[in-house]
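Subject: Structure handover

Hello,

Here is the structure I promised you. Please open it first, then read my notes below.

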Amino acid sequence: MELSYAQQQVINTKNKSLLVSASAGSGKTFVVIERIIESIKNGADVSRLLVLTFTNAAASELKERLVTSLYSLKDELMENGNKAEATRITKQITRVPMSDISTIHSFCLNIIR
């Protein structure tokens, strides 16, 4: 997929919170997943990220796509002989279900509880 300048900026921006807002079918999910993957490649832990969306379906899709992308990254690392990093990525995969990738309402409810 060829990225627009704005999409590339979202992926490459480091150490800042971002709001990604665009029309349906514009590649938001792809860009958010790429940003998460880049953060994880640079040492971030998925359990320390906060990714909020408006619908349960979108949150589920983000988690599913993230796991798929992490498995691909792990396979690539194993093929390149980087077993230690592949093991770290495997740990990230196991943490995705408990991560703060959720709806805004769900996140706020967890804070209240």
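Accessible areas here come from the Shrake-Rupley method with a 1.4 Å probe. The accessible surface of the protein is about 7600 Å². Carbon and sulfur atoms hold 52% of that surface. Keep in mind that this is a predicted model.

Now the fold. There are five helices and two strands in the protein. Along the sequence, their order is α-α-β-α-α-β-α.

Next, the overall shape. Along the principal axes, the C-alpha atoms fill a box of roughly 40 × 40 × 25 Å. Of the 113 residues, 27% are buried. Take the contacts with a separation of 6 or more: 66% of them join residues 24 or more positions apart.

Charges come next. The protein carries 14 positive and 11 negative side chains. The centres of these two sets lie 8 Å apart.

Where does serine 99 lie? It sits in the loop between α4 (83-95) and β2 (100-103). Is serine 99 buried or exposed? Its relative accessibility is 7%. Buried means under 20%, so serine 99 counts as buried. Leaving out residues up to four places away in sequence, serine 99 touches Val46 and Lys63.

Best wishes

Terms used: Residues are numbered from 1 along each chain as its sequence is written. This is a predicted model: local features need pLDDT of at least 70, side-chain atom pairs count only at pLDDT 80 or more; totals for chains, interfaces and linings use all residues. Side-chain values use heavy atoms; hydrogens and water are left out. Helices (H or I, at least four residues) and strands (E, at least two) are DSSP runs, numbered from the N terminus. Buried means under 20% relative accessible area, exposed over 50%, partly exposed in between (1.4 Å probe, protein chains only). Contact means heavy atoms within 4.5 Å. Lys and Arg count as positive and Asp and Glu as negative; His and the chain ends are not counted. The place of a charge is taken as NZ of Lys, CZ of Arg, CG of Asp or CD of Glu.
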